[in-house]
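Here is a walk through one chain, from its overall dimensions down to single residues. Keep the sequence and the coordinates open while reading.

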Amino acid sequence: MEKAGIIIGDDGRGRCFWHGGLEDYRRYHDEEWGRPVTDDFRLFEKICLEGFQSGLSWLTILRKRENFRAAFAGFDFEKVARFGEEDVARLLADTGIVRHRGKIVSTINNAARAIELKHEFGSLAKYFWGFEPGSHERPEAMDLETLRANPTTPVSVNLSKALKKRGWTFVGPTTVYAFMQAMGLVNDHLDGCFCQREVEDLRLKFKRP
């Protein structure tokens, strides 16, 4: 089944290949990835961390996530938007996170943009979930070939453009699509992964904001 991108775990269940059998990555795959999220802080956190992930692996970011949360006030964008140069210096000295000035400054900028979105739409969740693709925009099957052939989608391109127009940074279409996959706006668990049905059931019961 490995050709289909599925790894059979020691519990006998099939999972998407990308967790690589690593315990913390497998837990993220099983318990978080693709499950619908409406919490504004988690949505903001994820889109920012996807920006930090650019050029790196998500596993690197995942293993630093608690450090990022401590450094960025739990990704409370109301607080992060007030960060100044002293905070930038503090973050650049923080060995527990990715010390990239452009990405740090981007997160502070995006916090201010997030406040603007919340004021306009009532919540980040309402805005982001407005870009959920319809069933007619989704592939008939989610196999390894389809997943690898679509690092972006027309919807992620549109969301990326919309965010950039609003002044967000580090939100390219690939970054945005990874955000959509993780936050449950799409279900990209592969055919044969036990999470695919679980996530789809959650999405069917999910109340859109």
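Helices and strands are taken here as DSSP runs, numbered from the N terminus, where a helix is H or I over at least four residues and a strand is E over at least two. On that basis, the elements follow the order β-β-α-α-α-α-α-α-α-α-α-α-α from the N terminus on, which gives 11 helices and 2 strands in the chain. The model is a predicted one.

The overall dimensions come next. The C-alpha atoms occupy a box of roughly 50 × 35 × 30 Å along the principal axes. The radius of gyration is 17 Å, and this agrees with the value near 17 Å that a compact globule of 209 residues would have. Of the 209 residues, 48% count as buried. As for charge, the chain carries 32 positive and 31 negative side chains, with 3 Å between the centres of the two sets.

Helix α6, residues 101-121, contains Ala114. Is Ala114 buried or exposed? Its relative accessible area is 0%, so Ala114 is buried, the cut-off being under 20%. Residues up to four places away in sequence aside, Ala114 touches Phe44, Phe77, Leu124 and Trp168. From Ala114 to Arg203 there are 89 residues in sequence and 25 Å in space, C-alpha to C-alpha. Glu116 is also in helix α6. With a relative accessibility of 41%, Glu116 counts as partly exposed. Glu116 and Arg166 are 50 residues apart along the chain, and their C-alpha atoms are 9.0 Å apart.

Ser160 belongs to helix α9, residues 154-165. Ser160 has a relative accessible area of 2% and is therefore buried. Beyond its neighbours within four places in sequence, Ser160 is in contact with Val171, Gly172, Pro173 and Val176.

The last stop is a matter of backbone angles. Most residues other than glycine have a negative phi. Ala73 has a phi near 50 degrees, which is positive although the residue is not a glycine. Ala73 sits in the loop between α3 (58-71) and α4 (77-80). Phe75, likewise not a glycine, has a positive phi of about 55 degrees, and Phe75 also lies in the loop between α3 and α4. How accessible are these two residues? Ala73 counts as partly exposed, at 31% relative accessibility, whereas Phe75 counts as buried, at 0%.

Methods
Residues are numbered from 1 along each chain as its sequence is written. This is a predicted model: local features need pLDDT of at least 70, side-chain atom pairs count only at pLDDT 80 or more; totals for chains, interfaces and linings use all residues. Side-chain values use heavy atoms; hydrogens and water are left out. The radius of gyration is taken over C-alpha atoms; the globule rule is 2.2 Å times the number of residues to the power 0.38. Buried means under 20% relative accessible area, exposed over 50%, partly exposed in between (1.4 Å probe, protein chains only). Lys and Arg count as positive and Asp and Glu as negative; His and the chain ends are not counted. The place of a charge is taken as NZ of Lys, CZ of Arg, CG of Asp or CD of Glu. Contact means heavy atoms within 4.5 Å.
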